[in-house]
Amino acid sequence: MTIGNIPPKKERKSRRTKPVDENAPLLPKRQEDAGFDEFNGASFTGAVFNLSTTIVGAGIMALPATMKVLGLVLGVAMIIFMAFLTEASIELLLRFSRAGKSASYGGLMGDAFGKTGRILLQAAVLVNNIGVLIVYMIIIGDVLSGTSSSGAHHTGVLEGWFGEHWWNARAFVLLITTLFIFSPLACFKRIDSLSYTSALSVALAVVFLVITVGITIVKLINGSIAMPRLMPDVTDMTSFWKLFTTVPVLVTAFICHYNVHSIDNELEDSTQIKPVVRTALALCSTVYIMTSIFGFLLFGDATLDDVLANFDMDLGIPYSSLLNDAVRVSYAAHLMLVFPIVFFPLRLNLDGLLFPSARPFHQANTRFALLTIGLITIIFLGANFIPSIWDAFQFTGATAAVCLGFIFPASITLRDRHNIATKRDKILCIFMIVLAVFSNAVAIYSDAYALIKRNPSHSE
């Protein structure tokens, strides 16, 4: 049975009436089918937390810096606009999946554009997710063990607590984290198995937000915060083009499209997927807007590209050091729990790319284990040998992420193999593609120009 023909059922048994079989297959008998005979279905709440965790990754840390470029009014408006655009693109994906009876994003691209479409999608997920996971691991290393990538040494939490030792060096800390946190969490074959860690992950992001709001309110009361800039400061063409560099960050902040089908396939009632998407987007947009406003209020024009780096200085309030550590530790723990949610579709798409005709994971434990070990090793090595990849992160945001979020869904709609697209859909999709291509071309140019200006010796 495929997701395209699951009838809406008025009465479905509660998941509590039947024990959940942990060995239930992740995928059905063929890669493009969806059916869970032994599994009773994922709950609405679990699905919301899994999708929310997919959305709220490291992107949240770059959002206060977008406020510095756009100003508070335009910045908040852009977050809301991106949330609505993301909801529209996911709705198109789901509608065309139902029409074509496709149970995965890759299957949908294959339905619209054949084998080439499926391979393009899988390659985009690989580029996006490997880049994102390496960034997560780098941030965890920076927070726990410190970093010297910018020239000055920023002390890590463990280094601050215990001093410099071999056991809190970056490589060893990341090795322990990989072996005892990432590897066990990456072994689940169903995405619903991660719903509890996802709920904890969202809670930790909220802890970060609550502490930031608390510090900002205290500093507002004692009058040590200046009025923030409400609109962008555009003085010349360079500052105008810089506005577009925020688009890849905002796009990356809402990318969750690669996990929507996995969550949909496991839902107890597949008609709930649209409310799940809307609830997750509303929750994440609220967290994003609050973080952006209060993060920018707190640090103003001193807001760094990664606001987490602002939390290793004196905040000018009592218990500053303790609050700094609480923010950094809660966020490092949040990223550790986001890791398996982003890793899940990465492994699934790599398997589809390398073994398109092979039997699915639940019947091939050796292949599942080898792909898991191989990918975790690549990510671990990337995080240890790439000192800082924020520029690369912006590049993946401007390429793979924008393809996954807007260009691919719009292309599927414009292709319209099942003749279900309305005129409004097509106008929206043309707008999506023009916005994505133009803004990201400008962002890549602007980033490259800034990089050349920063390193003039390389350009001579």
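A residue counts as partly exposed when its relative accessible area lies between the buried limit of under 20% and the exposed limit of over 50%. Lys-274, at 36% relative accessibility, is therefore partly exposed. The model is predicted. It contains 10 salt bridges and 7 aromatic pairs.

- Lys-274 and Glu-91 form a side-chain salt bridge, with an N to O distance of 3.5 Å.
- Because Lys-274 is in helix α11 and Glu-91 in helix α3, this pair ties together parts that are 183 residues apart in sequence.
- Glu-87 and Arg-278 also meet through their side chains in a salt bridge, at 3.1 Å from N to O.
- This pair likewise links distant parts of the chain, 191 residues apart: Glu-87 belongs to helix α3 (residues 72-100) and Arg-278 to helix α11.
- Arg-278 has a relative accessible area of 47%, so this residue is partly exposed.

- Asp-325 and Arg-328 form a salt bridge whose closest N and O atoms are 3.5 Å apart.
- The two residues are 3 apart in helix α12, which means that about one helical turn separates them.
- Asp-325 is buried at a relative accessible area of 14%, and Arg-328 is buried at 10% relative accessibility.
- Elsewhere, salt bridges with shared partners connect Glu-91, Arg-95, Lys-274, Arg-424 and Asp-425 in one network.

**Aromatic rings**

- Among the 7 aromatic pairs, Phe-339 and Phe-343 are stacked, because their planes are at 15° with ring centres 5.9 Å apart.
- Phe-339 and Phe-343 are 4 residues apart in helix α12 (residues 320-354), so about one helical turn lies between them.
- Phe-339 is buried at 0% relative accessibility, and Phe-343 is buried with a relative accessible area of 0%.
- One aromatic cluster is made up of Phe-208, Phe-299, Phe-311 and Tyr-331.
- Lys-189 places its charged end over the ring of Phe-368, 5.2 Å from the ring centre.

**Geometry of helix α11**

- Gly-300 follows α11 and has a positive phi, near 55°.

- Ser-198 is located in helix α7 (residues 195-221).
- With 0% relative accessibility, Ser-198 is buried.
- Apart from neighbours within four places in sequence, Ser-198 contacts Phe-49, Asn-50, Thr-53 and Ile-341.

Notes. Residues numbered from 1 in each chain as written. Predicted model: local features only at pLDDT ≥ 70, side-chain atom pairs only at ≥ 80, totals over all residues. Heavy atoms only, no water. Phe/Tyr/Trp six-rings, centres within 6.5 Å; stacked < 30°, edge-to-face > 60°. Buried < 20%, exposed > 50% of the residue type's maximum accessible area, 1.4 Å probe, protein only. Lys NZ or Arg CZ within 6 Å of the ring centre and 35° of its normal. Contact = heavy atoms within 4.5 Å. Salt bridge = Lys/Arg side-chain N within 4 Å of Asp/Glu carboxyl O.
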